[in-house]
Amino acid sequence: MQSFGKNHSKMVRAQFLFARVLLPLAVWAGISCFSRPALADGDVTLRETAQKLAERVSTIPGLHGVLRLEWHPDANWSEGESARWQEVLRGEFEKRTLSLTEDAGAPALDVFAAETPTQVVLTAKTRISERDEVRIVAVTRSLLPSGLPPVAPVRLGRQMIYQSADRILDASSLGNSEDEGLAILLYRNFEIVVLRVDLKSAVKETVSLHPANVKPSRDPRAELTMRGSSVWVLLPDRVCEFSWGAPGEVKCRAEKPPPADKFDWRGQTLLTSPCDGSSWKLLNSGSEPNAREVLQVVPDGVMQETSAAVLSEFPGPIVGTNGERNPSSALVIARNLRTGNYEIYKITLACGN
Amino acid sequence: MTFRTKVFLIFLITVLASVSLVAYGVTFYTQRAFEQMDLQRTHALEVQFGKEFAQSGDTIVQQVENITNADVTVRMVLDLARPNADASLYLHDANGAAQSHGLDFVEFVNSDGTLVSSAQYPARVGYKTDWVASTKNWDSTGAFLKREELPDAAALSLTAVRTQTVGNKTIYIIGGRRLDKNFLASLELPEGMRALLYRNLEPTFIASALTDANGGVPQAETFQSLIEEIQKQPQDLTKTISWNRDPASAETFHAMPLKGRNGELLGVLLLGSSAKELVLLKRAILKIAGVVSLAALFIGLLLSWWVSRRITRPVEELANGARDVASGRWDTKIDVKGSDEIGQLANAFNEMTGTLAAQKEKLVQTERVAAWRELARRLAHELRNPLFPLQITVENLQRARQLGPQQFQEVFTEATATLKAEFANLNSIVTRFSDFSKMPAPEFSKVNVNQALRDAIRLFEPQFTAVGKPHIGTEYFLSDSLPEIDADSDLLHKAFQNLVLNAMDAMPAGGTLSLRSRDGGETVLIEVSDTGKGLTPEECSRLFTPYYTTKQLGTGLGLAIVQSVVSDHHGTISVSSEEGHGTTFRIELPKRQGGTALKPKAEAKPAEKESERAATATD
Amino acid sequence: MRFTKLRWLAATSAAVVALACIGAQAAPPRYGGTLHVKLRVASVSLDPREWTPGSLPAAASEKLASLVYDRLFTLDDHAKFQPALATDWSHDTSGRIWQFKLRSGVRLSDGSLLTSADVVASLQSSLGKTFEVSAAENGVAIRAAHPAPDLLERLASGAHFIVRREAGGALLGTGPFFVVESIAAAPSEANPTAIKPAKIKFQANEGSWSGRPFVDFVEVTLGEPPLRQLLDLQVGKADIAEIAPDLVRKGRQEGLRIWNSAPQTLVALRFDDAFDTPASDQLRKALWLALDRDTMANVLLQREAQPADSLLPQWLSGYAFLFESPMNLQRARELRAAFPAGAPGATQPLRLRVDAPGDLYKLMGERVAVNARQANLMVQAALPPASASSSPALAPGLHLIAWHYDSLSPQAELEAFVKQLLGGAELPANTTDPEQLFAQERRLLEDRHILPLVLLPEYAGVRANVHNWNASPWGDWRLADVWLDSEDPMTTKTPARPQKNSFTARSPGARP
């Protein structure tokens, strides 16, 4: 049985509030080239919502002449999200012969966006002859597109290769290279499930541990390990094993978890620099579940030398890392606070700034 | 009232007056002394209150200064001095300061007068408190009375203000204690005294604003007039209030106005002194005085009785002796010894009665001789009248013997007629005298006096209006409610007839005869008046003497008969007259003849009786 | 170069933080311990039928109910409905007919299986007559009288728990905990004038379909004074405690970790129907113009509240910012000067009854009176008698009420508000359209029978030993996900199997 990882030094816990304020952490990297159907649907919904609002605004009696569009996005939105909405709204307004201008002297058409627990509410307000005209539409948030991922720093390559609304507990490349796809351990509908997905994120195989009497647990710790065609799932109180192609033959046995102070889940995730072959380790702050987390990649063995550290802020907390299969890349599993989805990123080190 | 009673009362009154005077004097001076003491106590209490007030004020000033100089306050001022400082951070600080320093009211006010924090009225935070920012020298000002606005009502507080300045930023620290029953409870009051506080926080009198050391004051409305008087003119005032009819419940209140910083009347302190002690003392004194008075009265009674007896006994004997003399025992002697005036009077009395007894016999002899002489004179006069014609007639008969038989027969017939008339006259005279000498004893029955008067008049009415005779008018003033009396109707009738005849005789030229009757209580009063020439006083005095008459003719027995009848009826008769105006006879008869059996009333035969009466009526 | 400089800054910051965190490790979750929770209300009921919508006790009851019951699904913080007792759902195009597939194999606390009949009975009771709930194949079907596109929001919040009612009155749930002990409030033995608060103890359900919770027990104490709760947090007698808004500053100054929700409670003034005359129009408007909400929120409540101009908060409706309540003291005085003689508020004070319990609401009532006095309106604040319910009661006069939002559907919330507080008004159905909702809300506010004052968030103090605190912005504490740092010496008992009648719905105290 594979050990539960090296007994490396403990994961460092850091709080980066000050860093978040100072640093312009929104650096865009190459957008994922996966074209997921969900993204397209979300765009359509956004557009449809904008259309609906524009139609309602165009029916305001007495509304003519040029207008100055004043956009008031929700305070929680990122610049990209806000810009996207503004762009679509402007387009829809103009389609309905509403002339928009930047002229400060023109009458204002204020459009407000506000998030509620389940919806985005768009409110258009303008003043026509001493009276305020208001038009309001709403759209279900879950139908809207997810936030665009930030771009990793130049030296740290980051690419989202999978995302799921279900909680991802761990992920592992199927083979030594990621070209063989991923095995993803996730918690779906209170069941622990292992997926085998291909490069296109298509699910090829689904294995549920539920038939093996694996009960749901609130403890998010879990580890996926590949041993040839065998898949090992390590849980806090048991170990399960099965093989691809025989999903019904999941065998689990109870394993007493080691003491908390001695137990260490998968240790440091290490990367090898393609530039000089040096070893780098991934450090994450381990903050509370509602905070964005910054991933640090620092040279292995170095705690005080920080000039070479590279940072990458993720859209939410990092729930796990896995780099054992491939030394040049690692998998980082993070939760997107905006959308609630769990995302798997491939982290690579690239030379140069 | 007897002399003894008078003397007794005089002595008694003298004793009582002396005792009362002494008791009053003691009571008066004791009360005054007590009131003086009460005034002094009240004054001492006022002074004490003033000291307590001042001391409380000093304590409050000290507590406010402690708050002012506390680190937290200094830090607050420092913080608020910064630009864009957030005053809301200190919202609850005043409450904490109030609790830790034992004050009821604490407020922090910014330099612009904005309320930063309030222990008693946090809802007012953010509003202006102009009065505090407008005064400059708070740090040298002592505690003062203030009206404190609270969420539910206003309160009265003893307040002090201090400032804390950092740079050009000043914070005002206002602290105070409520002036309520707890403050009053802290005053040490002697027995029988109490303190009330009226919080003058409303324009009109509010009963619930009056409190004592225990809280609300019962019957607080009683103080309304006093409070209103002070509200009109804020100055010391004293008033006594009685809580019920018992004087011991009264309380004297000395009211002192309590003014605020600007001279406004904010409260009234009432120091009450119970009159109970004084009243009880008075009652005790009165009780003692009463007991002493009763004892003195008793002793006085005995003494007065003994003294008055000693003094009045000789006088009584003298009076008894005089009574005996009046009742006819002219030889009464009294036994009074002594050389004082009473003894001398007794000797003089005895001397007088001796002389009277001797004189009485002589007087009776003289009266008898005078009455015999009068009777002889009247008899001679009465008899002479008929005797003269008798004499003439006999002489005529003697002369007629010389005449012829026919002439003698005529003279003889006329002479015998004359003789018979004069013999009848003589008989009548003798009969009248005989009747008078043996007038019968009255037989009493119920008699209507008014009816008897009318009956008496009726006999003579024809004569009143007879042609050729002088007209006599009659007037009746008879009481309709006159009851029947016990009388002899015949004798009464006779008496009334005589009076009427007498009145007729007194009015030869006519006039008015008046008859009056009225109820005199236990008697009836009858008056018969005429408007004749009247009588002289001498005539009045001799009127009822038998055979006395003012008329040329007549036996003079009429009024004597009237007097005899009246006397038999135990009544009285009197006469009053004025020459030229007439005469009034007044008869007073008792209604009841005590102990005398009444004759049943007989039916009268008016005609027969009237003729009899007419026959017996005398002139 | 610029990037290098930035990287250096970032690295320096990171190093500082890293140095500070050397030796620290990301602690793994721990099972065990007793979570001590303090709530301000004096009594709760675990029977959703007894809850009065909008009341503060109902809000507390809902928190505790979520320990012992489940709903069909939950709403996560990312606008996604997560399956719970229902695993799947669908609806027709009209939004009137909904189908829910139930999770199989779910057991109640007595060990019996949850059935469709249980779900039908619970939901029919909680949804009311406008919905028809029936059993369907592997689940339930809900037919609405009108299109109900917001049905999911309704079912994911409020009183729509799935509860089985036993014949004897016991209530059973499928939640991660069950009640093992409840103690009513009683006079203290040491000091008879003091009251020992009520307590409820929940034990972890080992066989919970959603996974055994981390803590073994949750001990809830009710009705302690706010300051006492704060002290308990500081000295470690409480792990989680509600904190009154006026004590939040103090808590932060003491270094406590304070969590707050989105604004959950609306404090407002409500005129009774007796004030429905033309003369009263002026009074209501004058009072509306005299109220200084900004100062109330920023000064009196020390910025721990927001001024409120609407019935629904911005986070729920998305359009609350369109409402305005401008303060105009001059105009208020003019209106007041035109009052007819003898009108309330003129010569005779208008009685303001503070229906919500606690010193904070009394303070707000007094503040309203002070505001009114600035406009020459005589208003006198008073607390109701001790026996009165703390829910918005319908008694004549002016009332200061506290309304707690408990639905995720703006329409449902508005319906409940109107039904409870404006008995006469009616909302047309099918108004999930926000524009129509806005129009309705505006109409309801136009006659000034309701004058919103401020919005108050919920505050809770969370001790440092509590981990994975992940309460939702709308106040769902999610205590089943919380775990504790160290062993609690009090919890030495071995968890027992839940008994069938191990608890009844009635908890200490009266119904909310």
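This is a predicted model: local features need pLDDT of at least 70, side-chain atom pairs count only at pLDDT 80 or more; totals for chains, interfaces and linings use all residues.

Trainee: Then why is Glu366(C) called buried?

Mentor: Glu366(C) has a relative accessible area of 6%. The limit for buried is under 20%, so Glu366(C) at 6% gets that label.

Trainee: And what makes Lys362(C) partly exposed?

Mentor: Its relative accessible area is 29%. That falls between the 20% and 50% limits, so Lys362(C) is partly exposed.

Trainee: How do you know that Glu366(C) and Lys362(C) form a salt bridge?

Mentor: Their closest N and O atoms are 2.8 Å apart. The rule asks for a Lys or Arg side-chain nitrogen within 4 Å of a carboxyl oxygen of Asp or Glu, so this pair passes. Because the two residues are four apart in helix H11 (residues 359–374) of chain C, about one helical turn separates them. Elsewhere, salt bridges with shared partners join Arg47(A), Glu55(A), Glu92(A), Lys95(A) and Arg96(A) into one network.

Trainee: What makes Arg84(A) and Glu87(A) a salt bridge?

Mentor: The closest N and O atoms of Arg84(A) and Glu87(A) are 4.0 Å apart. The cut-off is within 4 Å, so the pair is listed as a salt bridge. Both residues lie in helix H3 (residues 79–95) of chain A, three residues apart, about one turn of the helix.

Trainee: Which salt bridge has both partners buried?

Mentor: One of them is Arg212(C) with Asp216(C), whose closest N and O atoms are 2.4 Å apart. Arg212(C) and Asp216(C) are both buried. The search over all chains finds 59 salt bridges.

Trainee: Next, the cysteines. How do you know that Cys240(A) and Cys252(A) form a disulfide?

Mentor: Their sulfur atoms are 2.0 Å apart. A disulfide needs two cysteine sulfurs within 2.5 Å, so this pair qualifies. Cys240(A) sits in strand S13 (residues 238–243) of chain A and Cys252(A) in strand S14 (residues 246–254) of chain A, 12 residues apart. The link is right-handed, with 115° about the S-S bond. Over all chains, the count is one disulfide.

Trainee: Where do the two cysteines stand on burial?

Mentor: Cys240(A) is at 0% relative accessibility and counts as buried, whereas Cys252(A) has 26% and is partly exposed.

Trainee: What makes strand S2 an edge strand in chain A?

Mentor: The open sheet has five strands in the order S2-S1-S3-S4-S5 (chain A), with mixed pairing. Strand S2 (100–101) and strand S5 (131–140) of chain A each pair on one side only. Further in, strand S1 (residues 67–72) and strand S3 (residues 108–115) of chain A pair in the parallel sense over five bridges. Two bridges are enough for pairing, so five pass.

Trainee: Last one: why is Met1(B) called exposed?

Mentor: Met1(B) has a relative accessible area of 69%, and the limit is over 50%, so it is exposed. Together with Leu9(B) and Ile13(B), Met1(B) forms a nonpolar surface patch of about 320 Å² accessible area.

Technical notes
Residues are numbered from 1 along each chain as its sequence is written. Chains are lettered from A and ligands numbered from 1 in the order in which they are written. Side-chain values use heavy atoms; hydrogens and water are left out. Patches are made of residues with over 30% relative accessible area and no salt bridge: like charges are joined within 9 Å, nonpolar side chains (Val, Leu, Ile, Met, Phe, Trp, Tyr) within 5 Å. Accessible areas come from the Shrake-Rupley method with a 1.4 Å probe; for residues, only the protein chains shown count as cover. Buried means under 20% relative accessible area, exposed over 50%, partly exposed in between (1.4 Å probe, protein chains only).
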